Structures are given as structure tokens and as C-alpha cells.
Amino acid sequence: EMSEMSERSKQNVAHGLAWSYYVGYLKIVLPRVKKCMEEFSRANPNLPACRKTWKLHILIPLSCDVYDELEKADSNIQYVTDLTETTLARAGTKKRVYKHSLYTIRDEENQLWHCAVEYATPLQSLYAMSQDECAAFSREERLEQAKLFYRTLEEILKGSKECADAYRLIAYEEPEEAETHFLSREIVWHLRQEHHEEIAVLEGSHPHTPSTDLDSAELNLQISVSDLPQPLRTDGF
């Protein structure tokens, strides 16, 4: 009966996508991100190094509108190079390659910021489902699923010791009227916060998190805890 309720409300879709994204991808790549960034920094000593930005910046547009090329989303974002690859045997695939792309982000003052950034790929599935008659996803349901995906992924990553301080989730709602450089400004805002956090740590003070950041409280879907899909086991595994 509970399973049928979840099927009807489609709550299990975003929940399952978030767990699959974590177990099948993030848990594999995030523990290696800092090492890849460190290797790039040593090979490029002319570029400024802010260690707090040495993480994977994961874009979560609540519209689920994902670009295959970030440059097409915003011309202030430009590809630089790929970081060191991680090669593993995975589910029968020999030498499966995992890698991240490094980008430069130009801000309003023409200052260049460097970071590894990519979209959360499961959002492409949510978008495709909303376009498929078999899935029967409305635009409103897709938005709720995107919010639930973000909240679930945020909670999963908060409890992951392997992934600690190796990621930053950038969830955002795009403006109704198209803005040419909205995405680059959104990313730069987060990079600046990370830069301030590093300065605060060096000075021994506590970083302040502005209230303008999009957090899970703003993504409240009015879903009770008892209504959310639960993991199959409750013993921590």
C-alpha cells in the first residue's frame, strides 16, 4: 500500500535518482576531486589558487533545463581543460573513465575565476520524463521532483564522510525573463563565498553565510517526513 502511494505521488522518482547519482557517481568521483585540482594547480602555478574552490560545483536548475555545453548557457563561462581522469572497471565495463572539466568564469569586473563545474545529470532524466507521455509528468510535478531531488541529495551528501568538503550544490531558479549572464553570476557568487570562507579560516574567524543562498528551507514542498520514501534498511547500510 505504501509503495502504491509513492507510485501515485511520484515521490520515489526523485528519491531514487538522487541515491543512484550518489552511489553510482558522486561517491566514486568526489573523494578524488581535490587531488585532481591540486595536480592542476601544481602544473599551472601562474593561476591563483583558492583551496576552498577545489571541489566539484554541481548545478541544479530547478527547471531541469540542462545544457550539454556550458558556453551555450552563458558566454562568460569558457572551457579550459579536463582534469586528470579516473579509470575503473565498473559493472562489466573495462576501463570506464570518469573526468571533470575545468572552466573559467568571467565576472562583472572581468575577473576570471576557475572551477570544476557540471550539471547534475539526473535532471536530464526528469526533463525527458516530463516530455514523455508514458511518464505523465506535468511541469509542476517536474518542479516538485527537482526540489525533492535537491533536498534528498543534500541530505545524502551531508551524511557522507567520503565526500565532505569536495562538492558544492548550486540550486537555482532561473528568472522569468532571460538574462544573458545569469548562470555565470550565480556560480561566481558561490565562488566568492568559498573564497571568503578560506580567508575566514586563515584569520581564525567563522565564515558568515548570507541569507540569499538558496537552501533546503526555501525548497520546502510541504511533504511530511512520514510521506517520504524510506530506505530499505535502517541499520546505516
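1. His195 counts as partly exposed, because its relative accessibility is 30%; here buried means under 20% relative accessible area, exposed over 50%, and partly exposed in between, with a 1.4 Å probe and protein chains only. His195 belongs to helix H6, residues 182-203. Helices (H or I, at least four residues) and strands (E, at least two) are DSSP runs, numbered from the N terminus. Apart from residues up to four places away in sequence, His195 touches Cys50 and Trp113, contact being defined as heavy atoms within 4.5 Å. The C-alpha atoms of His195 and Thr53 are separated by 7.1 Å, although these residues are 142 residues apart along the chain.

2. On the basis of these remarks: this is a predicted model, in which local features need pLDDT of at least 70 and side-chain atom pairs count only at pLDDT 80 or more, whereas totals for chains, interfaces and linings use all residues. Residues are numbered from 1 along each chain as its sequence is written, and side-chain values use heavy atoms, with hydrogens and water left out.

3. Concerning the chain as a whole, its secondary structure comprises 6 helices and 7 strands. Read from the N terminus, the order of the elements is α-α-β-α-β-β-β-β-β-α-α-β-α. The chain has 237 residues, of which 42% count as buried. Of the contacts between residues at least 6 apart in sequence, 69% join residues at least 24 apart. The chain exposes about 14100 Å², with 49% supplied by carbon and sulfur atoms; accessible areas come from the Shrake-Rupley method with a 1.4 Å probe, and for residues only the protein chains shown count as cover.

4. The packing of H4 and H5 may be taken next. Two packed helices are described by the angle between their axes and the distance between the axes. Helix H4 (residues 122-131) packs with helix H5 (residues 139-158) at an angle of about 160°, and their axes are 10 Å apart. Axes are lines fitted to C-alpha atoms, for helices over the stretch in contact, and angles run from 0 to 180 degrees between N-to-C directions. H4 and H5 are therefore roughly antiparallel to each other, a term for angles over 145 degrees. The crossing of H4 past H5 is right-handed, that is, the near helix is turned clockwise from the far one by less than a right angle.

5. On the H4 side, the contact is made by Pro122, Leu123, Leu126, Tyr127, Ser130 and Gln131, and on the H5 side by Arg142, Gln145, Ala146 and Phe149. These residues divide into 6 nonpolar, 3 polar and 1 charged. Ala, Val, Leu, Ile, Met, Phe, Trp, Tyr, Cys and Pro count as nonpolar, Asp, Glu, Lys and Arg as charged, and the others, Gly among them, as polar.

6. Leu123, placed in helix H4, counts as buried because its relative accessibility is 0%. Beyond its neighbours within four places in sequence, Leu123 is in contact with Leu59, Ile60, Pro61, Cys64, Val66 and Phe149. Leu123 and Gln145 are 9.3 Å apart, C-alpha to C-alpha, and 22 residues apart in sequence.

7. Most residues other than glycine have a negative phi. Cys64, however, has a positive phi near 65°; Cys64 lies in the loop between strand S1 (56-61) and helix H3 (70-73) and is buried, with a relative accessible area of 2%. Asp165 likewise has a positive phi, of about 60°. Asp165 is found in the loop between H5 and strand S7 (167-172) and is partly exposed, with a relative accessible area of 37%.

Methods:
Parallel < 35°, antiparallel > 145°, perpendicular 65-115°, else oblique.
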